[in-house]
Amino acid sequence: MTPLTTPADYSEKIPNNVDLHEDRRLQRALESWQPNFLTWWESMGPTLPTEDVYLRTAVNVGREGWAHFGHVAMRDYRWGIFLAERDRDRRVAFGQHRGEPVWQKVPGEYRADLRRLIVIQGDTEPASVEQQRNLGATAPSLYDMRNLFQVNVEEGRHLWAMVYLLHAYFGREGREEAEELLHRNSGSEESPRILGAFNEETPDWLSFFMFTYFTDRDGKYQLGTLKESAFDPLSRTCEFMLKEESHHMFVGTTGIDRVVERTAQLMLEHDTDDVGGLGGIPLNVIQKYLNFHYSVSLDLFGSETSTNVANYFTAGLKGRWSEERRRDDHRLTDDSMMVDAVVDGRIGQTEVSALVGLNSDLRREYIRDCQNGVNRWNRILEEAGLPQRLHLPHTAFNRRVGAFSGIEVTPEGELLPVEEWERRKGAWLPTDLDKTHVRSLMRPVHERGKIAAWIAPPRQGINGKPFDYDYVHLA
Amino acid sequence: MTITAGASSAPDGVRPEGETGPRTAVGFQTHPSRYRHWRLSVEGPVATLTMDVDEQGGLVPGYELKLNSYDLGVDIELYDAVQRLRFEHPGVRTVVVTSGKEKVFCAGANIRMLAASPHAWKVNFCKFTNETRNAMEDASANSGQTYLAALNGTASGGGYELALACEHIMLVDDRSSAVSLPELPLLGVLPGTGGLTRVVDKRHVRRDLADYFSTRSEGVGGRKAVQWRLVDEVVPRPRWDETVAERAAAFARTSGRPEDAPGVVLTPLGRTRTGDRISYRHVTAVLDRARGCAEITVLGPDAEPPRTVAGIHEQGADFWTLAVTRELDDLILDLRTNETELGTWVVRTKGDPALVLAYDALLLDHAGDWLVNEIVLYLKRTLKRLDVTSRSLIALIEPGSCFAGSLLEPALAADRSYQLSGVFEDADPGADPDADPATVGVGPMNLGPLPMGNGLTRLGTRFWGDAGALAAATASAGEALEAEDAERLGLVTFAPDDIDWADEVRMAIEERASFSPDALTGLEANYRFAGPETIETKIFGRLAAWQNWIFYRPNASGPDGALRKFGTGQRADFDKKRV
């Protein structure tokens, strides 16, 4: 047996609450993984050279512990491994194992399924870092740049979290899968990321905000279902990740707030809808971006019916959103539900067994949540005294996955022949012209306290610091 | 010398019928003094095995063993006799199998027993029956102990299949005795213990004649039976005894078995069986019902082998290779029959690999000795049992094990093997950090003397179509291979180190237990026998699979199926759709 090389002080380098210092298996696994992760970060992470960034680092799971701020060089960021506190009485909340104690080890029976779920989740985390790698160069302010990097390092940490599970619980196969997570790359020809939506570059900041609002929100719901898992370490990992995920959505929500706010200002100042020529983003372009990001995020929930997801539920691997707050038998073997369908060529619904309809259940929760953001942005318009409103498009709009993938509808849900859709879609989805215009606005503002003209400054800075704080020192 | 055994008691243990519920285990140990269904007599070089089934001696209540029909209990005695003839009677060169009943040789497996048995019982019973028949053929082919079927009355179904396992079939010509395979017309099933295969593959009966023969419930007798090669000769009743004796003597003259050698007595196995443990001197099985697995540990020799072949004879049944083979054989039969829910067998060994190889070398150096020959053949047959066992086999190769030479074979027979890379370190409180890493070793025993049913060595089967890999594994003979080398050579499946070991092994066993046992049986049976077909692989693969499918179909075992309706005076009602 080859002796382990002198163990590095992992607890210092890698803040954790998983007893890393006495876990030989994890130490061994991380020994080869950590350098590879750093290499990946260097080659696939943010391209803009920085000296340091004012970042939050989680150092433990307590309230104070995960809000630890300071200027750090991103390469030296301490990506930690944190699980929410263990509840020793926790029991499986759903499926055929309902009521049994949760699992601290992977049951052999579910090894393959659990590994697959973790790999798919893990694959999305570094993907978004890759998608956003060039955005630093066009940041509208140091504050926004800092937020971008915070999201990036936390997505990196979420990768760590999934890799931790693979390393700690899945043996050699787990280590191999962890390696693969670094070798698949967003947009790569030969080894793309697993889910299609994660292979599109995030080309501009409006897309970034939309992505963090809509697509990261999909992540929140996926994590929420895994938080219910009977496999306790997965549950606890996801619970902690959800705390960070809410910050990412905050970046998206307030980012769009500020874009809408600035657009409304320009509209009022110049009494026009067409603020494009004034250095702003017209409301209809914001709506088009919203339409696009919302509809592709709906696709991430998969088909309306899924036997895999039904099996995951029955096995206890993946629950429903807020599983324990639901009032039913949590087994669903005899229940049914209505899911979206195309019936006789029209948009309708069809009844399926509740177990196979779980994707639809989760998507509905997500849609409700998305509506909150739209309401919030509309309040800004309302307060500005403007009559225009933003809307979520119809569920069937621009779908490429599921029951509606074969039809085309307007944002209002009116069925269209394909040719008409092709002719009119430029009114609903960003056109090349729209994208070019948005991109033309993305001129970097790297001066303290200054901000680009297309977006309003935030109401508050980070961690009580003012907006003009030196959040990033560029190299 | 004449040994005659009368009926006194059944094999030890009373048996079950249901597949679940409390029950007493079926035992496979018996002795001629306790036979109820057979008489074994030995006259110089000729032994006579006379089947005279006790109608009331069924293993399970609910049927009578009329017309020399048999059940597992009858077969257990036959197996015992075949074994003892080889070891205890070196002087026997011909074994005459005949009947103690008037006008009937044997009517085959008891139909009421089959109709009442759960599926798993039928399948396991047929497997064991097949193995005994193969053992008879093995004796004829490799031991100089030729089996001669003396059909002094009609041999039907399994009775004729028993005759087919003999080298020479004589049928009395009394214008009424015949051989037949009436399973299809009468019972809606197949002659499933080798009959269909041996008729065409061994006896070379033309296929269209075989087809006709197998649909004719009354069978074929007299000269036609000879012309069609169903039997080798028919003999008029007045000349029967004399002719049988002549043939027996003629076969005896062709044998190379020794004349005055003393036999080796197969002494009773020291065995204890509790609810969760079966122990012998060298073999132990812990029955882990919660995990659905049996953890089998085989101990290597605890001393140097004797220096001479005489020493082997002197040790007799205590000689390590023979003793461990007998124990393993008994354990396999026990677990298969009595522990159907232990779907995974985890095999470990413990001991000094050098000693295992030393025993192997002693045996191979004296291959011409009759006892040595028998021991190696017996080991071969026992390992074949492992190959056709419908359980997942997982070998765990840990420090202190002795998977070398003959004891490497169980690992090669396994569906998967795990060899610990390095040693168990501090993580395991019971582990010895100063132990040497586990090794496996190829030896001469792996390169020919212990072929599988497909005629290839397990190594040859493992590396079927990959001559380079086979050559590399062969060239490693004599080396003690640590995990990385063994994995590289393809001798083991995985080589986790101590950090991964416990979880990898746990998950493999748990995952196995979660799969469909039927699908696993099918998967394993297909992957274990790469390479060419032989009569044996056809019987265990093709014939048995078809038979087991037919057994399960309503046309056989449904309430209106042929097996159920047999003997009721009613006709079976078939679903006419071909599948």
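Predicted model: local features only at pLDDT ≥ 70, side-chain atom pairs only at ≥ 80, totals over all residues.
## Two helices side by side

In chain A, helix α7 (residues 232-270) packs against helix α10 (residues 358-383) at an angle of about 25 degrees, and the two axes are 9 Å apart. The helices α7(A) and α10(A) are therefore roughly parallel to each other. As for handedness, α7(A) and α10(A) make a right-handed crossing.

## Salt bridges

Let's turn to the charged side chains. Over all chains, a search of the whole structure finds 83 salt bridges. One of them joins the side chains of A:Lys288 and A:Asp434, with an N to O distance of 2.7 Å. Here A:Lys288 sits in helix α8 (residues 283-299) of chain A and A:Asp434 in helix α12 (residues 432-441) of chain A, so the pair ties together parts that are 146 residues apart in sequence. A:Lys288 counts as buried, at 7% relative accessibility, and A:Asp434 counts as buried at 12%.

Chain B has a pair of this kind in B:Asp201 and B:Lys538, whose side chains meet at 2.9 Å, N to O. B:Asp201 is partly exposed, with a relative accessible area of 29%, whereas B:Lys538 is buried at 19%. Back in chain A, A:Lys425 and A:Glu422 form a salt bridge of 3.3 Å, N to O; A:Lys425 is partly exposed at 31% relative accessibility, and A:Glu422 is partly exposed at 45%.

There is also a network of salt bridges with members from chains A and B. It links A:Arg25, A:Arg28 and A:Arg175 with B:Asp497, B:Asp500, B:Asp503, B:Arg506 and B:Glu510.

## A nonpolar surface patch

On the surface, B:Trp546, B:Trp549 and B:Val579 make up a nonpolar patch, with about 380 Å² of accessible area together. B:Val579 is placed in the segment after α22 (562-565) of chain B. With a relative accessibility of 75%, B:Val579 counts as exposed.

## Backbone angles to look at

For B:Arg229, phi is near 70 degrees, and its place is the loop between α8 (222-227) and β11 (233-236) of chain B. B:Arg229 is partly exposed, with a relative accessible area of 46%.

Definitions and conventions: Residues numbered from 1 in each chain as written. Chains lettered and ligands numbered in written order. Heavy atoms only, no water. Patch = residues over 30% accessible without salt bridge, like charges linked within 9 Å, V, L, I, M, F, W, Y side chains within 5 Å. Areas by Shrake-Rupley, 256 points an atom, 1.4 Å probe, with all protein chains shown as cover. Salt bridge = Lys/Arg side-chain N within 4 Å of Asp/Glu carboxyl O. Helix = DSSP H or I, 4+ residues; strand = E, 2+ residues; numbered from the N terminus. Buried < 20%, exposed > 50% of the residue type's maximum accessible area, 1.4 Å probe, protein only. Axes fitted to C-alpha atoms, helices over the stretch in contact; angles between N-to-C directions. Parallel < 35°, antiparallel > 145°, perpendicular 65-115°, else oblique. Left-handed = near helix turned anticlockwise from the far one by under 90°.
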